[in-house]
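Here is a short tour of the fold for anyone about to work with these coordinates. Take a look at the chain first, and then we can walk through its strands and helices together.

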Amino acid sequence: MVHLRGGGGHPPPRTARERREERRRSGVTGWDPRAIPSLAGRCVVVTGGNAGIGYFTSEQLARAGARVVIAARSAEKAEAAIRSIRAQAPDAELAHVRLDLASLASVREAAEELAAFRPLHALVNNAGRVLPSRVRQLTEDGFEAIVGGNFLGHFALTTLLFPALAADGRVVGLGSDSTRMVRLEADDLWSERRYAPFRAYAFSKHAVQGFHLELARRLAAAGDGRRSLLAHPGWATNAYAAKRVGITDRDPRSQRVFEAVTGWAGQGKDRGAWPSVRAVADPDAASGTFFGPSRQLAGRPVPVTPVASSASPAFGAALWANAEQKSGIRFPL
Ligand SMILES: NC(=O)c1ccc[n+]([C@@H]2O[C@H](COP(=O)([O-])OP(=O)(O)OC[C@H]3O[C@@H](n4cnc5c(N)ncnc54)[C@H](OP(=O)(O)O)[C@@H]3O)[C@@H](O)[C@H]2O)c1
């Protein structure tokens, strides 16, 4: 963020070093999403790495040399993603583990399989149901499906995988600008009082943001060197992304038309992956940082500020207790 100085007149002169430091802190420069540092020897898990932003996150990380494990519910779609990434990066080390975030039993099984890849250097909690049903549905475990999958599934996965995370490992959550459009009603997070599809989606993203920021606070308090970060892609569509056979052409026709009409205001999902990739790969990214596009809906990945409700320690603590109680899984922090 560039701060304009008020009060008229010229700002006091700054040295080149001060200007460099200010630019570095602002995040506007100093990170080139097309020149990711080598990730050779690093292992990254990407949930929902078979499609959309998760696919391009996986592809970009694999091109930088990371071993990428795609955690996805469809083996067929994961195999298509692996073939497509190999076409871009023939030497990529790729694997698939089955994961359905809407089932705690599936999350447990996936965590066990994923732990075999330890040490994990990053877990990207990317998957998300972005088109909620018109009526309230439940996960296999009886929780409202959107918050249950997008948030609770990732809370459980992160908790179970935490011991497999390297000492300098990272957890990256996918937030959303929907949290700026729908005010959080924390006492109805699970839409028991009222259900509306976009409201439930935005609540799931409030919860994802609240969880990853609370994790950053707990890691800092425990003196744990691992980091928790957030990323959001702005408005990212397949319609405006680089074409990948079997990946960007899978959306239903109605979605393709909607994206073609509205997507000009945002960016392709390939660029939508940039904030997630920066959160994984930028060596200077501090725990608690939230990356998003510089122009809100599109642009280079820069640090952004979450809505105040997501950053509230009171919300984070209550959410954490609620998630532990619902999942029956205690976080080791
Ligand atoms: N696109 C945007 O403009 C935008 C804006 C803000 C935030 N985001 C966030 O970015 C993330 C990715 O969005 P996207 O646009 O790339 O969406 P997308 O193209 O619809 O992809 C969603 C991915 O999540 C997976 N998924 C959904 N439910 C799942 C479940 N129960 N278990 C396991 N995987 C599941 C999907 O798997 P299947 O292929 O099997 O369905 C797919 O791989 C989401 O968290 C979303 O909230 C996106």
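A crossover counts as right-handed if, with the strands pointing away from the viewer, the path from the first strand over the helix to the second runs clockwise. By that rule, E2, H3 and E3 form a right-handed β-α-β unit.

## Confidence in the model

Please keep in mind that this is a predicted model. The protein has an average pLDDT of 93, and 91% of the residues score at least 70. Residues 1-13 have a pLDDT below 50, and this stretch has three contacts in the model beyond near neighbours in sequence. Where pLDDT is low, the predicted coordinates should not be read in detail.

## Parallel strands and their crossovers

Let us begin with strand E1, residues 43-47.

E1 pairs with E2 in the parallel sense over five bridges, and Val-46 has Ile-70 in E2 as its bridge partner. Between these two strands the chain passes through H2, and this β-α-β crossover is right-handed. E1 also runs parallel to strand E4 (residues 120-125), joined to it by three bridges; here Val-44 is partnered by Ala-122. E2 in turn is joined to E3 by five bridges, again parallel, with His-96 in E3 as the bridge partner of Ile-70.

## A closer look at Val-45

Leaving aside neighbours within four places in sequence, the contacts of Val-45 are Val-69, Ala-71, Leu-114, Leu-120, Leu-123 and Val-124. Val-45 and His-96 are 51 residues apart in sequence, yet their C-alpha atoms are 9.4 Å apart in space.

## Helix H3 and its two sides

Helix H3 covers residues 75-88 and has 14 residues. At 1.5 Å a residue it should span 20 Å, which agrees with the 20 Å between its end C-alpha atoms.

Which residues of H3 are buried? They are Lys-77, Ala-78, Ala-81, Ile-82 and Ile-85. These residues cover an arc of only 140° around the axis, so they sit on the same side of H3. An α-helix has 3.6 residues a turn, so residues three or four places apart point the same way. Glu-76 and Ala-87, on the other side of H3, are exposed. The cover over the buried residues of H3 includes helix H2 (52-63), strand E2 (67-72) and strand E3 (94-98).

## Farther along the chain

Helix H10 (residues 274-281) is largely enclosed by the rest of the structure, because eight of its eight residues are buried. Among them are Trp-274, Pro-275 and Arg-278.

Some strand pairs complete the tour. Strand E6 (residues 227-231) pairs with strand E9 (residues 290-293) in the parallel sense over two bridges, and Ala-231 has Phe-291 as its bridge partner in E9. E9 and strand E10 (residues 301-304) run antiparallel, joined by four bridges; in E10, Val-304 is the bridge partner of Phe-290.

Methods:
Residues are numbered from 1 along each chain as its sequence is written. This is a predicted model: local features need pLDDT of at least 70, side-chain atom pairs count only at pLDDT 80 or more; totals for chains, interfaces and linings use all residues. The expected span of a helix is 1.5 Å times one less than its number of residues. A residue is buried if 20 or more other C-beta atoms lie within 10 Å of its own, exposed if 12 or fewer, and partly exposed in between; C-beta atoms are placed from the backbone. The arc is that of the directions from the helix axis to the C-beta atoms. Two residues are in contact if their C-beta atoms, placed from the backbone, lie within 7 Å. Two strands pair if DSSP finds at least two bridges between them. pLDDT is the predictor's confidence in each residue, from 0 to 100.
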